[in-house]
Amino acid sequence: MKMNLQILTQSLSTHFPLPPFPPKSKFLQAKFKPSFKLCSSLSTVSVPPTKTSHKPFPAEVSRTIMELSSIGTLSTLAQDGWPLGVGVRFAVDAEGTPVLCLPQPSPDNRSTLHVQLDQCGLRTPQCTIQGSLTKPADATILRRFDSVWKKRFGEAADVDNLYTVDVQRVLQMEDLNEDGVWVTTSDYKNANPDPLRNSAEEIVNEINNNNREDVHRFCNVYVDLDFQVSEAKMIWVDRLGFDLRIYSPQKGVFDVRIPFPREVTDEKGAKSSFNGMSQLAWEVEKNFHAPDFEKVKQLKKIVYSGGR
């Protein structure tokens with residue numbers, strides 16, 4: 001004899017009540033809808049952040065900076081032997097080779113192109129390319145670089161003034177006043193820019209404006225802290241995770257890296273991962289889910305110097 005499904009469901013809900021739903025997320029207007037199996041009080045989101053602090057390789061960060069930027073400082077040796085740095089516009093081809101339009105290039109082709117990217121006004125990663133200024137002679141190559149320039153700026157370049165920087169090595173720095181990491185030419189050219197690069201700033205701003213409680217909860221749930229956090233902001237997001245800057249009146253300022261449960265490849269994947277992690281963090285905080293994962297323990301102390 002089959003038991004009436006409605007009676008069974010009512011009986012189970014009496015003995016195994018489901019946890020209340022968390023507040024609706026405002027993240028990019030995408031509401032996370034948790035689903036529960038019958039006779040279970042655990043959310044289907046059960047994959048915590050990975051144990052290691054996954055970060056993109058320096059070569060990938062350099063390529064991302066170059067893709068997102070279009071203005072840098074070109075430094076060369078002037079005729080009097082003094083180094084001279086001037087602001088320039090540039091575009092990059094599929095291998096990250098900088099393309100510049102220079103009416104009066106330096107007689108010395110040795111050069112550096114310094115580029116930096118502002119991330120939420122909190123961090124400024126930098127990429128400095130050392131190489132030789134080269135003027136393409138082949139007409140086919142000139143047309144290709146002209147196409148690169150037109151795609152970036154929406155205007156044709158003066159092909160007589162087109163130059164490239166023949167990349168010899170790259171210095172990548174995470175922020176101002178920090179030690180850099182040298183990247184080889186092959187690593188730089190073979191690296192792929194981050195797939196979230198064109199939407200990262202929008203995602204960060206949206207989360208900081210509409211999901212402050214979630215960001216603060218991430219610090220309490222996913223990070224192993226021995227102090228209270230008074231404020232937390234997201235700095236940047238990429239395919240492997242995101243960086244937070246946290247403030248403590250007693251301990252100071254820190255950066256912390258929180259990885260995604262799995263690598264994402266687009267904005268939709270990042271949105272889904274963030275909402276899933278928010279749901280899991282809320283359940284852990286409310287004791288509806290056991291914190292059966294290892295918390296992030298690596299913190300980076302931020303020492304301000306100058307006007308930052």
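**Entry 1**

I looked up Asn177 and placed it in the loop between β6 (162–173) and β7 (180–184); I take helices (H or I, at least four residues) and strands (E, at least two) as DSSP runs, numbered from the N terminus. The model is predicted, so I read local features only at pLDDT of at least 70 and side-chain atom pairs only at pLDDT 80 or more, whereas totals for chains, interfaces and linings use all residues. Residues are numbered from 1 along each chain as its sequence is written, and side-chain values use heavy atoms, with hydrogens and water left out.

Asn177 has a positive phi of about 60 degrees although it is not a glycine. Most residues other than glycine have a negative phi. Asn177 counts as exposed because its relative accessibility is 67%; I use buried for under 20% relative accessible area, exposed for over 50%, and partly exposed in between (1.4 Å probe, protein chains only).

I then turned to Cys120, in the loop between β4 (110–116) and β5 (126–134). Phi of Cys120 is near 60 degrees, again a positive value in a residue other than glycine. With a relative accessible area of 30%, Cys120 is partly exposed.

**Entry 1. The protein as a whole**

I noted 7 helices and 11 strands. Of the 308 residues, 45% are buried. The protein exposes about 17,000 Å², and carbon and sulfur atoms supply 51% of that area; accessible areas come from the Shrake-Rupley method with a 1.4 Å probe, and for residues only the protein chains shown count as cover. Among contacts (heavy atoms within 4.5 Å) between residues at least 6 apart in sequence, 66% join residues at least 24 apart.

**Entry 2. The largest pocket**

I recorded about 590 Å³ of space in the largest pocket. On a 1 Å grid over the protein atoms alone, a pocket is an open set of points with protein on both sides within 12 Å along at least five of seven lines, a cavity is a set where a 1.4 Å probe fits but cannot get out, and lining residues have an atom within 4 Å of a point. Grid points are joined across faces, edges and corners, and a volume is the space filled by probe spheres set on the points.

The lining of the largest pocket holds 27 residues, and Lys55, Pro56, Arg123, Glu174 and Asp243 lie nearest the centre. I found that α2 (58–68), β8 (231–238), β10 (252–259) and β11 (299–302) each supply at least two lining residues, with α2 giving the most, 5 residues. The lining divides into 11 nonpolar, 5 polar and 11 charged residues; Ala, Val, Leu, Ile, Met, Phe, Trp, Tyr, Cys and Pro count as nonpolar, Asp, Glu, Lys and Arg as charged, and the others, Gly among them, as polar.

**Entry 3. The largest cavity**

I searched the whole structure for cavities of 30 Å³ or more, and 1 was found. Of the 10 residues that line the largest cavity, Ile203, Ile207, Val237, Phe260 and Phe274 are the closest to its centre. The largest cavity contains about 40 Å³ of space. Its lining comprises 9 nonpolar residues, no polar residues and 1 charged residue. At least two lining residues come from each of α5 (200–210), β8 and α7 (267–285), and α7 gives the largest share, 3 residues.

**Entry 4. Strand β8: Asp238 and Glu231**

I found Asp238 in strand β8; at 6% relative accessibility, Asp238 counts as buried. A polar atom of the Asp238 side chain lies 2.9 Å from the backbone nitrogen of Leu240. Neighbours within four places in sequence aside, Asp238 is in contact with Pro56, Asp194, Leu196, Arg257, Phe260 and Val264.

Glu231 is also found in β8, and Glu231 is partly exposed, with a relative accessible area of 36%. Glu231 and Tyr247 are 16 residues apart in sequence and 5.2 Å apart in space, C-alpha to C-alpha. With neighbours within four places in sequence left aside, the contacts of Glu231 are Arg245, Ile246 and Tyr247.

I located His54 in the loop between α1 (5–15) and α2, where His54 is partly exposed at a relative accessible area of 33%. Leaving aside neighbours within four places in sequence, His54 is in contact with Leu240, Arg257 and Pro259.

Lastly I listed the buried residues of helix α6 (residues 212–222): Asp214, Val215, Arg217, Phe218, Cys219, Val221 and Tyr222. These buried residues pack against α5, β8, β9 (241–248), β10 and α7.

Methods
A polar contact is a pair of N or O atoms within 3.5 Å; within protein, one must be able to donate a hydrogen and the other to accept it, and residues adjacent in sequence count only if both atoms are side-chain atoms.
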